[in-house]
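Work through the exercises below with the structure open beside you. Try each task before you read its solution.

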Amino acid sequence: MTTSVMWFRGDLRLMDQPALREAVAAGPDGVVPLYVLDDRLWGRGAGVRTAYLSRLLSEFDERIGGLHVVHGPPEREVERVARASGADSVHVSASFTPYGTSRDDRVEKALDVPLVRTGSAYAVSPGRVVKGDGEGYRVFTPFYKEWLDHGWRDPAPAVRDVPWLRPEGRTHRIPEAGVPDDVTLPPVGERAAREHWRRWLEDHVTDYADERDRPGLDTTSRMSVHLKWGSIHPRTMLADLAPLGSDGAAAYRRELAFREFYADILHQRPDSAFGYYDRRFEHLQYDEPADDLEAWKRGETGFPIVDAGMRQLLAEGWMHNRVRMIVASFLVKDLHLEWTHGAAHFLDRLVDADLASNQHGWQWVAGCGTDASPFFRVFNPVTQSKKFDPDGAYIRRWVPELADVSAPAVHEPWTMADPPQDYPAPLVDHAEERREALRRFEALTR
């Protein structure tokens, strides 16, 4: 009898799943569908991601007729399950995060059977797009060109009629995690991801290049959460985009490449997960967080576009990408707080929080990352608001105190003769804080 273990992580799907195909080929008499509740990852943060993962696991458990769930250190639990089930191999999608790679190395050493890594969460795995000298890219545009030239495999065929095998003994209960603060979570699971993706392709991809920076239109794909948890593979999405000749499809493909670029950067520089990519900025003068940080988190800064974004984050565990940049710039360059405070808050609150994209997106805005926006390029929240939410639809949706204020006053209500009494005055003077940010940058570069 030849069996295997399929150890699911952030890849809870059956279609375009090369690791599962390898597990079935290696274990024709049975495949154990294993999930490990790892204390290092489970339950961290404010509970938004935990709540989503709990629902996702329950959906997948029901779909396949039962996950075998265990709880404890992966190196102990995977070895125990493999031994108890008599498996000849353990199969995974390769992980490239700092913790994921070290965890898998420990598991591999603990096993008496091979740990087989097949595929990854990327169309092109980190480390494969390199320059002529074998070094990785540090700038997105040449990376993107080489990424396109490198190409990727077609989606793997779906695995059907898997001979699932459940070891003897009790499976651990999937923890129930309540949704914090009445957050509205997106739909979970592979079917939901594919249905949402098909609808978005039909309705919005053509106009994506023109509309992707307009938060009031709500026409971006919102597929980041499904990519984060592996309910769909980017290779599947790229295959669907390939026959489309629109500018929107090309722009979306570029955004998928950005996700892969940041994963590649993190693979090159694991220390940049929580440290500075450009270490010079460790010495920039920052303020200590106080009430201003809490006001930013609550969406009470007095700058409508900033507050709208932060309140959307609280309500949905998600925020429009253009607004993510605006609120990040405000934290770093108007409040003079270190980017790590904002990045940590996003990791806590975003249901789609991807370590590489989150950390390096924040560093891009803070001027200390790859392809960095120069530090002296400071986002003006009013100018950004007027440009990308011209009629104020996004602001009025998330800041009800301004629901009756029309544009252009909705972008800067403090200029009104009779501003709304229940909306806070601006926390800072943007022009003054911009000058202060530049002063601190100049002091760093002297």
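**Exercise 1. Strands side by side**

How many bridges join strand E1 (residues 4–8) to E2?

Solution. Five bridges join E1 to E2, and the two strands run parallel. Helices (H or I, at least four residues) and strands (E, at least two) are DSSP runs, numbered from the N terminus. Two strands pair if DSSP finds at least two bridges between them.

A note on the model. It is predicted: local features need pLDDT of at least 70, side-chain atom pairs count only at pLDDT 80 or more, and totals for chains, interfaces and linings use all residues. Residues are numbered from 1 along each chain as its sequence is written, and side-chain values use heavy atoms, with hydrogens and water left out.

**Exercise 2. The faces of E2**

Find which residues of E2 point one way and which the other way.

Solution. Recall the rule first. In a regular strand the side chains alternate between the two faces of the sheet. Val31, Pro33, Tyr35 and Leu37 point one way from E2. Val32, Leu34 and Val36 point the other way. Next, check the cover. Seven of the seven residues in E2 (residues 31–37) are buried. Buried means under 20% relative accessible area, exposed over 50%, and partly exposed in between (1.4 Å probe, protein chains only).

**Exercise 3. A residue in E3**

Is Val69 buried or exposed?

Solution. Locate Val69 first: it sits in strand E3 (residues 68–71). Its relative accessibility is 3%, so Val69 counts as buried. Then list its contacts (heavy atoms within 4.5 Å). Leaving out residues up to four places away in sequence, Val69 touches Tyr35, Leu37, Thr171, His172 and Ile174. Finally, compare chain and space. Val69 and Leu34 are 35 residues apart along the chain, yet 6.0 Å separates their C-alpha atoms.

**Exercise 4. Salt bridges**

Why does the pair Asp105 and Arg117 tie together parts that are 12 residues apart in sequence?

Solution. A salt bridge is a side-chain nitrogen of Lys or Arg within 4 Å of a carboxyl oxygen of Asp or Glu. The side chains of Asp105 and Arg117 form one, at 3.4 Å from N to O. Asp105 lies in helix H4 (residues 98–110) and Arg117 in strand E5 (residues 115–117), so the pair ties together parts 12 residues apart in sequence. Arg117 also forms a salt bridge with Glu108, with the closest N and O atoms 3.4 Å apart.

Now take Glu316 and Arg222, whose side chains meet in a salt bridge at 3.1 Å, N to O. This pair links distant parts of the chain, 94 residues apart: Glu316 is in helix H12, and Arg222 is in the loop between helix H7 (208–211) and helix H8 (224–229). Salt bridges that share partners join Asp218, Arg222, Glu316 and Arg397 into one network. The structure holds 29 salt bridges.

**Exercise 5. A charge without a bridge**

Which side chain of opposite charge is nearest to Asp307, and how far away is it?

Solution. Asp307 is found in helix H12 (residues 304–316). Lys and Arg count as positive, Asp and Glu as negative; His and the chain ends are not counted. The nearest side chain of opposite charge is Arg311, 4.8 Å away. Asp307 is buried yet has no salt bridge. Its side chain does reach the backbone nitrogen of Thr301, at 2.7 Å.

Notes. A polar contact is a pair of N or O atoms within 3.5 Å; within protein, one must be able to donate a hydrogen and the other to accept it, and residues adjacent in sequence count only if both atoms are side-chain atoms.
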